[in-house]
Each structure stands twice: as structure tokens, then as C-alpha cells.
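Colleague: Please take me through this chain by its strands, its surface and its side-chain pairs.

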Amino acid sequence: GGTQRSIMKVFDTDIMFNDDSQDINFRVESNDNATMLFVNGGTNKVGIGTDAPAELLEVEGTGAAIQIDSNGDSALRFATGGTVKHSIFSSSGVLNFFDNTNSATRMSIDAAGLVTTQAAINDLVFNVKNTATSGNVFGQQINFSSTQNVTGGYFFRCVGNNNSTIRAVIFSNGDFDSATNS
């Protein structure tokens, strides 16, 4: 004989698999998928639609996948055809959205709620689009909770040269200034 192992136990409130913490996998088949649910007892990873999850949780579909990182990071990646197309990464209260190569941060939201976006060359950083074709059409509105009416605060500011040159400002009192005064 081999080693006696408790693979499955049935209780009044639950069913327990692999109570002895062995390297024993758990697999559930569906009508068309031999690995509809797969728990790898050796790697501590779960696959839905796959028997080889690369991350803590991996959901595989027809040509697409969702992965939840197993490296202790808070990451969610969306893949198509085996290639990660988009990912969301959270670290220290910061939420980062990456490009389709998963190498450049395109948008960050910090713990205080500051949103920072970065675009590639010849791409828009921010685009507000209203597709209404009739009626009242609105673009963007900026609200302040205070009634500040001074030139110390602003609703909108355009800055160039690594934040060293103000190109245009709409102040909180409604004044508009531009670098060329035109």
C-alpha cells in the first residue's frame, strides 16, 4: 500500500476536497469542456476553461481570457488569442491602466482621485464626444463646490514645456488668459 489520503469529505454544511493538502488537482467537466473548472493543487491556481492557468485565476474563452495576477500584485489582464491586450494594475491605492502591449501606463488614478492620462504620439489624451444629432448637445462641465471668484483658482489650464509655460487659463472668476492674448 500507498499513503492513505482523504480526497473528499462530505459534511452537513459543505463538501471538502483535498483536506490533507496534497498535490491533487480538482476538475469539473461540462457538456463541451473537459476542464470547465480546474483547481491545481500543486500551484494553487484556478482555471475556468483551462487546465493550465498561468495566474491565480484565469478565465479562458474562445480566443479571449481574463487573468488575475498571482504575484501578490492586484492586476487584472484581458487577453485575446493568447496575447494580453489590456491590463489594470493597482498598487498602493493607485489604479493603472496599460496599453495593449502591457508596457506603458495610459491612465492612472491615485489614492486621492487624481486622474493622469498619457497618449502615444499623434493620439488624443482626452476626447469628449457627444453623438446626439438633435436637441440640446452638451460637451463638458466642470463644477466646484466653492463659490470662489478669484484668479488664484482655475477651471481649466493648458501648460507646456514640462509644466513651465502656461499657454491658456480659464480662471474661477470666468476670466480667460492666453499666452498670445488672442
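This is a predicted model: local features need pLDDT of at least 70, side-chain atom pairs count only at pLDDT 80 or more; totals for chains, interfaces and linings use all residues.

Modeller: Residues are numbered from 1 along each chain as its sequence is written, and side-chain values use heavy atoms, with hydrogens and water left out.

Colleague: How many helices and strands does the secondary structure of the chain come to?
Modeller: Helices (H or I, at least four residues) and strands (E, at least two) are DSSP runs, numbered from the N terminus. On that basis the chain has 0 helices and 15 strands.

Colleague: What percentage of the residues count as buried?
Modeller: Buried means under 20% relative accessible area, exposed over 50%, and partly exposed in between (1.4 Å probe, protein chains only). The chain has 182 residues, and the share of them that counts as buried is 16%.

Colleague: Of the contacts with a separation of 6 or more, what share comes from residues 24 or more positions apart?
Modeller: A contact means heavy atoms within 4.5 Å. Among contacts in the chain with a separation of 6 or more, residues 24 or more positions apart account for 2%.

Colleague: Which residue in the turn between strand 13 and strand 14 has a positive phi?
Modeller: Strand 13 (residues 154–160) and strand 14 (residues 165–171) run antiparallel and are joined by 6 bridges, with R157 partnered by V169 in strand 14. The two strands form a hairpin with 4 residues between them, and the turn residue with a positive phi, of about 55°, is N161.

Colleague: In the hairpin of strand 14 and strand 15, what is the phi of G174?
Modeller: Strand 14 also pairs with strand 15 (residues 176–178), antiparallel over 3 bridges. A168 has S178 as its bridge partner in strand 15. This hairpin has 4 residues between its strands, and G174 in the turn has a positive phi of about 100°.

Colleague: Why is the aromatic pair of F17 and F26 called tilted?
Modeller: Rings of Phe, Tyr and Trp (its six-membered ring) pair if their centres lie within 6.5 Å; planes under 30 degrees apart count as stacked, over 60 as edge-to-face and the rest as tilted. A search of the whole structure finds 1 aromatic pair. The ring centres of F17 and F26 are 4.5 Å apart and their planes stand at 45°, so the pair is tilted.

Colleague: Which residues meet in the salt bridge?
Modeller: A salt bridge is a side-chain nitrogen of Lys or Arg within 4 Å of a carboxyl oxygen of Asp or Glu, and the count by this rule is 1. E29 is exposed at 52% relative accessible area, whereas R27 is partly exposed at 46%. With 2.6 Å from N to O, the residues that meet are E29 and R27.

Terms used. Two strands pair if DSSP finds at least two bridges between them.
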